[in-house]
Amino acid sequence: MSAPRMLRVLLLLLATPGCCTQRWEPCSDLRPLDLLAEALPPDGTGGAVRTVQVHGASGLQLPAASARAWSFPASRLFFRCGLFPAEFSIVVTLKAPSLPPKKNEYLLTVVAEERDALLLGLRYSSTQLHFLFLSEDAAGAWQTRVSFRSPGLMDSQWHTLVLAVSEGSFSLVVDCGLPVDIMADVPFPAALSVRGARFFIGSRRRTKGLFTGLVRQLVLLPGSDATPRLCPSRNAQLAELSIPQVLQGKPDDKEVLKCPHEADMKVTLGSRPLCTKAQEAKFWFNAARKELHLCVGGQWVSVLAGRAKLDYLEEHQRLPTGSETLGLEVFGIPGVGLFVAAAHRKATSAIYKWTDGKFVSYQSIRTHQAQSWRHFTIGRKIFLAVANFGPDEKGQEFSVIYKWSHRKLKFTPYQRIATHSARDWEAFEVDGEHFLAVANHREGDNHNINSVIYKWSPRARLFEANQTIATSGAYDWEFFRVGPYSFLVVANTFNGTSTRVHSHLYIWLLGSFRLFQSFLTFGAADWEVFRIRDRVFLAVANSHSYDVETQLRNDSYTINSVIYELNVTAQAFVKFQDVPTCSALDWEFFSVGEDHFLVVANSFDGDSFSVNSIVYRWQGYEGFVAVHSLPTFGCRDWEAFDTTAGSYLIYSSAKEPLSRVLRLRTS
Ligand SMILES: [Ca+2]
Ligand SMILES: [Ca+2]
Ligand SMILES: [Ca+2]
């Protein structure tokens, strides 16, 4: 199959309603999902199920006659989309019967009914516990079995098992003991579709292999390993994450509090009424703001606050930076705090730490016309990569990756990489492997050079060149995922004669990035990907329209930047909105409550660097509408961040040594 054909096929998968399009959002709640409670009839145990008490704890004995009675549709749990989580754990508390050799009993299965395929299953024999799953690729569907030897279940005791699954790693913990880890060649699928499938408790939909023991707990925890939630436990054999009501203590333990009296509730609608004595203890609902107020002592008191709304932005901090600043990168280090790395044009860049509600200088790092910083992690390792635009004192050109020292609490140099007027680093993960892509802007006067994607070598513990991509004055890389697909988009600014060049979007296919779509851009400086509900957008910041041949007519900074939207049917990004900008260098997307915003860094109007940057609000079918105008000077980069105290924006100036932090005032 040719590459474009294959793309088409892959993207058609994206078009399947309810499938895959929302993979970045979990398909189910991320709380423990009690499968037993789900399978029980709503009125309690029902006729066929028996509650049996053994060794002081109760369990359910499943009905022998009908396997179907103990099942429910997968869509009940995965209501947002039809994908089983890529990472999860299953917690089982059971009292297993002794089985003769070669006999197997099923604890749990997920079956695609139409084609009678076992998508996932847990069964055990006298010597082993087997976890089964279906993995599909171009060659077909494969049943994979991961087997744990002698989990020691057949001693007539209660036991609690936690099976944690993450990609190719399968871990089993019995009674909070030491984990048994298995690395399998075939990883658990990243996107296992369970559309039209059913969960079967204690069976594989048929009478053969029916579970004949007692089960007390059967929980699916999407997204994480349940072990730390259960263990250590004083009663490890009966450690509990969630068990059905019917198996918990006596029902009268949980007496429902009865309301002592019914208040005389009256709710007034419309504009704010008077809150006089006569209104005391009455409610007023402000429909416009979705707020409920109670009249208490002559004042309306907010009872149910509406969702936060952005009212205005106020200056929170002026941060003198010692030099003009290009890129900003805000990141957190767990247990240490919130930081911003600022790429200073002059010889030293700085990292600031959020301290008592302000950024204060934390660490200085020698850089060479630094353009941007990128923070990323690999396992527990924390890195920060700088893109150096200029050569060092010896005329050597390189960019540097720094690693956080947990001992020194500072970043220290880790790896140097030869780059060419580097503008940007992008860090990302594909199929469990870590990558870094550099935007090489030019080599001498030549803008048409290669940018490079590096791959982390776990053996060498270094990044090694993995793929080169031809770029023209590359300025920015942006990585994103849509469903199971990984994309990388480059902003190309200049090909030596014109800023009217194509910027390209690449898709990861069979181990490398391949061209997916090209966009005509004008000195593109930034791509920003963002999502609004299930819609995916890409915004490009066009900085400059310039052409050597038609220089006079075309040299312009006041041009449109463009927002594109992924059209799944067209299998392409299509133009959604033109936004007039003044040499736009950056887009930043952020949300406040249920509202979504874009702020653009306008840097130059052809005469002056003193131009307003604009905040746009998402207004549904109207698209993005300008709502705030912020005076900025040579604005280069915007970043949004949150602290416990509130939400903020920070921007840098490429033309003065001053960055500013703005606070979002909400109501
Ligand atoms: Ca970038
Ligand atoms: Ca951006
Ligand atoms: Ca930014």
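**The open sheet and its loops**

Strand 22 and strand 23 (residues 337–344) are paired in the antiparallel sense over seven bridges. Strands here are DSSP runs of E with at least two residues, helices are runs of H or I with at least four residues, and both are numbered from the N terminus. Two strands count as paired if DSSP finds at least two bridges between them. Within this pair, Val330 stands opposite Val340 in strand 23.

This is a predicted model, in which local features need pLDDT of at least 70, side-chain atom pairs count only at pLDDT 80 or more, and totals for chains, interfaces and linings use all residues. Residues are numbered from 1 along each chain as its sequence is written, while chains are lettered from A and ligands numbered from 1 in the order in which they are written.

The pair belongs to an open sheet of four strands, in the order 22-23-24-25, with antiparallel pairing. At its edges lie strand 22 (325–333) and strand 25 (358–366), each of which pairs on one side only. On average, neighbouring strands of this sheet are turned by 25° against each other, direction ignored; the axes behind this angle are lines fitted to C-alpha atoms, for helices over the stretch in contact, and angles run from 0 to 180 degrees between N-to-C directions. In general, strands of a sheet pair through backbone hydrogen bonds, either parallel or antiparallel.

Two loop residues deserve attention. Most residues other than glycine have a negative phi. Asp356, in the loop between strand 24 (348–355) and strand 25, has a positive phi near 50°. Asp356 is exposed, with 5 other C-beta atoms within 10 Å.

Gln369 counts as partly exposed because it has 18 C-beta neighbours inside 10 Å.

As to confidence, pLDDT is the predictor's confidence in each residue, from 0 to 100. The protein averages a pLDDT of 86, and 88% of the residues score at least 70. Over residues 250–265, however, the pLDDT is below 50, and this stretch has one contact in the model beyond near neighbours in sequence. A contact requires that the C-beta atoms of two residues, placed from the backbone, lie within 7 Å.

Notes
A residue is buried if 20 or more other C-beta atoms lie within 10 Å of its own, exposed if 12 or fewer, and partly exposed in between; C-beta atoms are placed from the backbone.
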